[in-house]
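Take a look at the sequence and the structure below. Keep both in view while you read.

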Amino acid sequence: CFSGLIFYQEDFSMDLLEKFNALTMEADTRISPSDKEFCEKHQRAYEAARQSFRELSFFWEDMRNTQRELLAGQTDSSASDMTYLASRNGPDISANKINDHIEGLHRELISNLVRYFNSTYNVSISARDVADRLLPQEPERSYPRNEGVIQKYHEELQSISIQYQDIVEQIIFCLDGRSFSEQAFYELAAKCHKAAWNTYQMKAEYERKKSTLRFTGYHCNVRNWGYQDEWELNDGMKDVLRGVAHFETEAFAVYPLGFSELLGYSRTADNEQEFPTCKKVKRLKMFKSGRVDIYFSSEAYAEGFVNKYLGTVC
């Protein structure tokens, strides 16, 4: 019976190992070779930094101990083990700061990888959400402080090592079953829909007049500095215009001639912008009332944009 129990435990352990390897392989196969290369580089840099700072922590403690021994028995009240380790222009080093940095490296790796995937695939995954699912939960602040719980939390942060495969798995989990390209379009269309609808009154803030879309809410503003008007789309309308660019090019963050001037942070002196290189959309016009009109080259294109990006129901 005893040997049978051992056999069962070994099979169980191998089963867990196979499942873990399967998860790791799944994470690697869901991303491109260049994605994997980026993740592996940051994984190595993260691990090297953790090892180096752990060594620095030991070295720093050895320096402190040496100073304690050399200055032992001092009667001067100003003498301390930091007398020759700290100065006004010296390095700002302490055991607490070294440990804080080691504990912060986990979130730094997560943030760098999430930022990369967000930028590469035009998605907006939350690095904080990924970190919260992978890292130990920070104890709630209480009075009196539960020192045992706090110490255990920091010990866990010091000992764990985050693997990029786990981060990728959490990023993929946030896609809710979509591919990166599907998620990018889902987010873009959601922003366009939000900008075009009044969710409080449950009604659209746009109307289609043949090949023209008229956004009737407050979608732009104009300022006059005494010599000319300066025009600017509001943030929601910029999201709609990004949707128009995607409708035109079928690519993300690729803007035809005339779009960048309207999507930037600077204002324009013209309330009307032509799009001469576009096939589906012709121009955009802003009005002092806040209305914005977008002119498509056909009724079919205008209707297609509405159905795909704005929606017909709130």
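This report covers a helix pair, some aromatic rings and one glutamine.

This is a predicted model, in which local features need pLDDT of at least 70, side-chain atom pairs count only at pLDDT 80 or more, and totals for chains, interfaces and linings use all residues. Residues are numbered from 1 along each chain as its sequence is written, and side-chain values use heavy atoms, with hydrogens and water left out.

**Two helices that cross**

Two packed helices are described by the angle between their axes and the distance between the axes. Here, helices (H or I, at least four residues) are DSSP runs, numbered from the N terminus. Axes are lines fitted to C-alpha atoms, for helices over the stretch in contact, and angles run from 0 to 180 degrees between N-to-C directions. Helix 3 (residues 95-121) and helix 4 (residues 127-134) have axes that come within 9 Å and cross at roughly 135 degrees. That makes helix 3 oblique to helix 4. Angles under 35 degrees count as roughly parallel, over 145 as roughly antiparallel, 65 to 115 as roughly perpendicular and the rest as oblique.

Which residues of helix 3 and helix 4 meet? Helix 3 brings Arg-107, Ile-110, Ser-111 and Val-114. Helix 4 brings Ala-127, Val-130, Ala-131, Asp-132 and Leu-134. By class, this contact of helix 3 with helix 4 has six nonpolar, one polar and two charged residues. Ala, Val, Leu, Ile, Met, Phe, Trp, Tyr, Cys and Pro count as nonpolar, Asp, Glu, Lys and Arg as charged, and the others, Gly among them, as polar.

**Aromatic pairs**

The structure holds 15 aromatic pairs. Rings of Phe, Tyr and Trp (its six-membered ring) pair if their centres lie within 6.5 Å; planes under 30 degrees apart count as stacked, over 60 as edge-to-face and the rest as tilted. The table shows two of the pairs.

| Pair | Centre to centre | Angle between planes | Type |
|---|---|---|---|
| Phe-117 and Phe-180 | 5.6 Å | 15 degrees | stacked |
| Phe-296 and Phe-305 | 5.7 Å | 35 degrees | tilted |

Phe-117 lies in helix 3 and Phe-180 in helix 7 (residues 180-196), so their pair ties together parts that are 63 residues apart in sequence. Phe-117 is buried, with a relative accessible area of 1%. Phe-180 is buried too, at 9%. Buried means under 20% relative accessible area, exposed over 50%, partly exposed in between (1.4 Å probe, protein chains only). Phe-296 and Phe-305 are both buried. Phe-296 and Phe-305 also belong to one aromatic cluster with Phe-185, Phe-247, Tyr-301 and Tyr-309.

**A glutamine in helix 2**

Gln-67 sits in helix 2 (residues 33-70). At 13% relative accessibility, Gln-67 counts as buried. Leaving aside neighbours within four places in sequence, Gln-67 is in contact (heavy atoms within 4.5 Å) with Asp-81, Tyr-84 and Leu-85.

Terms used
Helices (H or I, at least four residues) and strands (E, at least two) are DSSP runs, numbered from the N terminus.
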